[in-house]
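Please load the model in your viewer and keep the selection panel open. The stops below are meant to be taken in order.

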Amino acid sequence: MLAVTILGNNSAIPAFDRHPTAQVITLDDHLFLIDCGEGTQTQMNKYKIRRSRINHIFISHLHGDHYFGLIGLITSMGLLGRNQDLNLYGPPPLIDIFKMQLEVADTKLPYNLIFHPLKEEGIMVKENRFQVSCFRVFHRIECWGFIFEQIRPPRKVNPDKARIAGIPAAFFDRLKWGENYETKEGNIITNVSVTDPAPKPKSYAYSADTVFNPLVAEKVAGVDMLYHESTYLKDLEERAAKRFHCTTVQAAEIAKIAGVKKLLIGHFSSKYDKLDEFEKEAREVFPNTHLALEGVSYMVP
Ligand SMILES: [Zn+2]
Ligand SMILES: [Zn+2]
């Protein structure tokens with residue numbers, strides 16, 4: 001399963017009950033956080049995201065609307081007694097900012113904060129069930145997008161067949177990952193006899209803040225679902241370009257060129273009270289467009 005839960009969908013300033021950027025990725029039993037704008041912890045409480053389940057945090061760039069909530073989150077994790085490692089990925093200066101904030105407060109984290117500076121495009125994390133890679137986008141300062149890919153999706157357990165074979169429900173999770181079951185008598189029940197094949201691996205790309213550039217489409221080509229910023233409606237194309245952002249139509253163009261199945265748009269400017277026009281305009285170019293709404297989880301198709 002690959003899904004994205006939106007915690008913040010606004011650009012620079014919190015407005016109209018919308019928050020700066022943050023998203024939680026659920027990839028099978030892993031949770032990842034992308035960006036951590038101000039208010040992310042409050043949103044996590046509201047939407048019942050457990051901080052302790054997050055072991056990897058990805059920060060796209062050092063504009064405040066993408067990381068001003070991070071020092072609070074890192075500190076809370078310590079106060080809540082975290083002891084497992086936390087991996088943080090972001091532009092190199094990020095760690096200096098945190099070192100200073102922690103030092104002046106004489107705060108010692110009870111867990112290892114492992115910082116991975118983003119320097120080159122390519123794979124950053126590879127485990128046997130997923131990988132995460134990064135790519136550069138085109139913003140006013142250094143900015144990165146991320147691609148999450150399943151490598152080996154779980155098989156589907158057929159609960160009736162498994163029960164008849166005498167396999168306890170507690171073992172179903174291991175069946176999903178291909179294990180055979182051995183009965184008390186020492187008989188082996190093969191995995192294929194009680195599960196269905198895994199679906200095709202899924203992928204999701206988060207393209208962060210960027211000016212319109214078809215090269216972005218090349219970098220995310222073929223992913224199943226793309227999140228692309230759409231700070232403005234189409235009539236403000238010039239303003240978007242000047243501020244290194246995109247419009248609805250430009251986001252939809254990228255989705256079309258990249259050949260993705262589904263597009264999420266977000267990072268809405270605080271000048272807009274209502275968002276209906278965003279969806280309408282983008283759908284004229286790319287019909288399977290959805291607004292990234294806070295508190296909603298979007299399944300990768
Ligand atoms: Zn931003
Ligand atoms: Zn920015």
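The tour goes from the metal site to the aromatic pairs and then to the charges over rings.

**Stop 1: the metal site.** Keep in mind that this is a predicted model. Select the zinc ion (ligand 1) and display its protein donors: Asp65 (OD), His66 (NE2), Asp209 (OD) and His267 (NE2), at 2.1 to 2.2 Å from the ion. Along the sequence, these donor residues follow the spacing D-H-x142-D-x57-H. Why is the arrangement around the zinc ion (ligand 1) irregular? The angles subtended by the four donor atoms run from 91 to 169°, and a tetrahedral assignment would need all angles between 85 and 135 degrees.

The distance between the zinc ion (ligand 1) and the zinc ion (ligand 2) is 3.4 Å, and Asp209 is a ligand to both. Colour His66 and Asp209 next. His66 belongs to the loop between strand 4 (54-58) and helix 2 (70-79), and Asp209 to the loop between strand 14 (203-206) and helix 6 (214-219), so this pair ties together parts 143 residues apart in sequence. His66 is buried, at 0% relative accessible area, and Asp209 is buried too, at 2%.

**Stop 2: aromatic pairs.** Searching the whole structure gives 12 aromatic pairs. Select Phe58 and Phe148: their rings are edge-to-face, 5.4 Å centre to centre with 85° between the planes. This pair links distant parts of the chain, with Phe58 in strand 4 and Phe148 in strand 9 (residues 144-150), 90 residues apart. Are the two residues buried or exposed? Phe58 is buried at 0% relative accessibility, and Phe148 is buried with a relative accessible area of 0%.

Move on to Phe268 and Phe278, an edge-to-face pair at 4.8 Å centre to centre and 65° between the planes. Phe268 sits in the loop between strand 16 (262-266) and helix 9 (276-285), and Phe278 in helix 9, so the pair ties together parts 10 residues apart in sequence. Phe268 is buried, with a relative accessible area of 0%; Phe278 is buried as well, at 0% relative accessibility.

To see a cluster linked by ring pairs, select Phe32, Phe58, Tyr89, Phe130, Phe146, Phe148, Tyr206 and Tyr227.

**Stop 3: charges over rings.** Select Arg82 and Tyr111: Arg82 lies over the face of Tyr111, 5.4 Å from the ring centre. Finish with Arg129, which lies over the face of Trp177 at 3.6 Å from the ring centre.

Technical notes: Residues are numbered from 1 along each chain as its sequence is written. Chains are lettered from A and ligands numbered from 1 in the order in which they are written. This is a predicted model: local features need pLDDT of at least 70, side-chain atom pairs count only at pLDDT 80 or more; totals for chains, interfaces and linings use all residues. Side-chain values use heavy atoms; hydrogens and water are left out. Donors are N, O and S atoms within 2.8 Å of the metal (3.2 Å for Na, K and Ca); water is not among the atoms, so sites may look incomplete. Four donors count as tetrahedral if all angles lie between 85 and 135 degrees; four count as square planar and six as octahedral if opposite donors are over 155 degrees apart and all others between 65 and 115; anything else is irregular. Helices (H or I, at least four residues) and strands (E, at least two) are DSSP runs, numbered from the N terminus. Buried means under 20% relative accessible area, exposed over 50%, partly exposed in between (1.4 Å probe, protein chains only). Rings of Phe, Tyr and Trp (its six-membered ring) pair if their centres lie within 6.5 Å; planes under 30 degrees apart count as stacked, over 60 as edge-to-face and the rest as tilted. A charge sits over a ring if NZ of Lys or CZ of Arg is within 6 Å of the ring centre and within 35 degrees of the ring normal.
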